[in-house]
Structures are given as structure tokens and as C-alpha cells.
Amino acid sequence: MGTTHKGLNTICTHTGQLEDTQHQGAVSPIYLSSSYAFMDVDVKRYPRYFNTPNQEGLSKKIAALEKTEAAMIFGSGMAAVSTALLAFLHSGDHVVLQQTLYGGTYALVVEEFEKYGISYTFTEDLSESAFAKAITPQTKVIYIETPSNPLMKVTDIAMVAALAKKNGIISMIDNTFASPVNQNPIDFGIDIIIHSATKYMGGHSDICAGAIATSQEHMNKIWQLAKNLGGSLSDMTVWMLERSLKTMALRVKAQNKNAKKLAKWLDKKDEVAHVYYPGLKSHPDYALAKRQMKGFGGMMSFELASHIDAEAFQKALQLIKPSMSLAGVESTVLSPAQTSHLLLGEEERAKQGIADGLIRFSVGIEEKEDLMADIDQALAVVLKSAIAQVN
Ligand SMILES: *Cc1c(COP(=O)(O)O)cnc(C)c1O
């Protein structure tokens, strides 16, 4: 089935689906074989070669969603991140990365790269001159993530892609927070697109997977390393991810809509000191986000006013649950200062603008009125107990 002119929901629903030629069932059959006859065939199929029927089918869907020639599915987002980076970085090479990255990606770089002889520079400043200054003659890769966690800062994708091309460097993006529904980095010239499919692609908090989307030429290089590192995904989970993707655009658009409404609502509240959402006109990167995103996403952060205890607030929420992960159909919150950014230390957190009262909010698909009511009742509980303590 051709994919080039299909609309988003059609790609989500149909592209890459395997035909059930035996029973004409509505969904892809699952092929669990780890052993396939090898005589008289060109393709040697094997799960760790990323080429089982289900893997190939799902790859077509993800490539169509990111408008790339090829895609590959991994056992986790970090398997995709590590394989992509290490496929293009050898001993003696240098990589430029933006400073604000997913914690696992940051850890991969600072804990592992030295032993492979790969040097790196992080840039906190996301301007063109800052990225350009970090590039050395040894630089082979430039790596960004946008919007970034937890302050939803937006990196200029077209600027980074052009800078990379000018310097003969491979550009990579972690597109997890936006999802292919809200952002297609290939449109802005990025070479390699990475996803934690654990998040919006899976969308139901029951799958751990990753994906890379890029040209066939780059994918051949990535595949060479991927089969040696062995980070493939089981066909059972591949099938689950295919099913999840059928509703991805519907889910993400509902989350976009909810998040925008909630961001505006929170922004007006006395108990909220600040809202970080790229879809708010007050966000410093609003214009840039509008240029490169089709929707502003379901992720935001808000800082509670200093008289509200963030921990007590999270405990008082009933519908919205505290959770380390994100992007599920259910709304969740997390305190970066106590979890994802705990190890940074108080001083570094303050420098990055991550206050103790900051709450990261992954907005789900529930009715927005129910989410507002839950936040209001939690604020009331916290304020009441604060008054009781004073008395
Ligand atoms: C979760 C996440 C990852 C890592 O994905 P895993 O599936 O947990 O390995 C990478 N990048 C971003 C932005 C993420 O949110």
C-alpha cells in the first residue's frame, strides 16, 4: 500500500498492516517465529536482524508517520538513542548536544562515552552561535531534543539541521515529546529522528519500545551496529505497538487540546506562579514552536506559588496520579526536583530554573473539567491544612 499521499489517521490505521491471507482477519497476524527457512530466499529473517514480518510492517508505519524512507523498532527508547549515536561516533570523534536532555541520554553520554574515546560538548544556550561555537573539526554528530523536559524549551530544528549540513555533520533529534503527530523534523532537514515509543506512540503506559526514522542510507549504517548490539523488540510487543499507533493521532490531538485549555486555566490561578507550555503566548519560544510544531503537545510544567506545598499537592490529587513516565491516555504529574532532576543538586536546579514547586504535567485524554476539578480540590486540601497548621 502506497503511503506518500495518505492522511495521518489513515497511515495510523492502515500503513504497514500485514494481511491475514488465511482467515481475512481485520488485524495483522503475529508471527512469533525466531526461525525462518533460509534456503532459496534473499532475506534471512531473524528477530535480532530487525526483519521479522511484524517488525517490517510496523517499520513501514513509523517511516510513513515521520515521512522518512526507513524506520527501525527497538526494545526501548534508550536502545534507539544509543544505537543511533554509536553508529555515527567512533573513537576520536566529538558530539555536540543540547544540555537539557532526557536523563537517560545524558547518563549515556557522561557515563559511557569516555571509554569509547568519544568526546562531547553540551550547550545550555540553544542559539545558533552557541551550537556553532561548540563544533570542532572532530564533531560528527549534533543532537537535540525539543520540546525539552521539564521547562518545554524549544530548539530551532531548521537552524540546527542547516548548521549540521554546512559543517558536514549528522543531525539527530529526540522527537519523543512532540510525537510524529505534532512535529516532523524531516521537514526541517534533520537526518535522524529518534523516539521513545514508550511514550506517545505506545500511549497506554504498557509498552517499552523505541524507534529510529531516517533515510535508507543512514539506516543501513545503523542496522550494521543494531544487529550487533541486539536491542530488538519482541514481535508480541511490536504487534501491541502497531495497535496503539492506530489511535495515536486521535489521542495526541485530544491531549494537545486538553493541555492548551489547562495551561491557560492554570496560568490564571493565584496558586500557580508560572506555567511552562509552548502553546502559551507568554512562553519565550511560542513563535518558534508555532513555526515548527503542528500542535503544542500534551506536556507542560507549572510552578506552584511558594505558599503551596508541592508534595502535599501531589498527594491530594485523586484522578491525576504521580508517575515517572508520561504520555499515557491518563494524566500524570511528577516533581522534577524530587525525581528526574534530583541528582542535579539544588544549585544546578536553581540555575536551570527548576524550582522545588515545579510540577511536570502529562495531560491525558480525560474530560478537562474533571482534571480541573481534581486540581482545584487538591489545592483546597493543601490550603486548608496550611491554615490549620498556622492556627
Ligand atoms: C522516556 C524517554 C526516553 C527513553 O525511552 P525508554 O523507552 O525509557 O528507554 C528518551 N527520550 C525521551 C524524551 C523520553 O521521554
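Asn258, Lys261, Leu262, Trp265 and Leu266 of helix H10 meet Lys368, Leu371, Met372, Ile375 and Asp376 of helix H14. This contact, like every other feature described here, comes from a predicted model. By class, the residues where H10 touches H14 are six nonpolar, one polar and three charged. H10 covers residues 248-267 and H14 covers residues 368-390. Their axes come within 10 Å and cross at roughly 35 degrees. The crossing of H10 past H14 is right-handed.

Two packed helices are described by the angle between their axes and the distance between the axes. A second pair can be described in this way. Helix H3 spans residues 77-88, and helix H8 spans residues 216-229. The axes of H3 and H8 come within 9 Å, and they cross at roughly 115 degrees. Angles of 65 to 115 degrees count as roughly perpendicular, so H3 is roughly perpendicular to H8. H3 passes H8 in a right-handed crossing. On the H3 side, the contact is made by Thr83, Leu86, Ala87 and Phe88. On the H8 side, His218, Lys221, Ile222, Leu225, Ala226 and Leu229 take part. Seven residues of the contact between H3 and H8 are nonpolar, two are polar and one is charged.

Asp174 uses its side chain, where an N or O atom is 2.6 Å from a nitrogen atom of the ligand. In Thr198, a side-chain N or O atom is 2.6 Å from an oxygen atom of the ligand.

The backbone also deserves a look. Most residues other than glycine have a negative phi, and most peptide bonds are trans. Lys67 is not a glycine, yet its phi is positive, at about 55 degrees. Lys67 sits in the loop between helix H2 (53-66) and strand S1 (70-74).

The bond from Thr146 to Pro147 is cis, with omega near -5 degrees. Pro147 belongs to the loop between strand S4 (139-145) and helix H6 (157-166). Asn149 and Pro150 are also joined by a cis peptide bond, with omega about 0 degrees. Pro150, too, is in the loop between S4 and H6.

Terms used:
Residues numbered from 1 in each chain as written. Predicted model: local features only at pLDDT ≥ 70, side-chain atom pairs only at ≥ 80, totals over all residues. Heavy atoms only, no water. Axes fitted to C-alpha atoms, helices over the stretch in contact; angles between N-to-C directions. Helix = DSSP H or I, 4+ residues; strand = E, 2+ residues; numbered from the N terminus. Parallel < 35°, antiparallel > 145°, perpendicular 65-115°, else oblique. Left-handed = near helix turned anticlockwise from the far one by under 90°. Contact = heavy atoms within 4.5 Å. Nonpolar A, V, L, I, M, F, W, Y, C, P; charged D, E, K, R; others polar. Polar contact = N/O pair within 3.5 Å; in protein donor to acceptor, adjacent residues only side chain to side chain.
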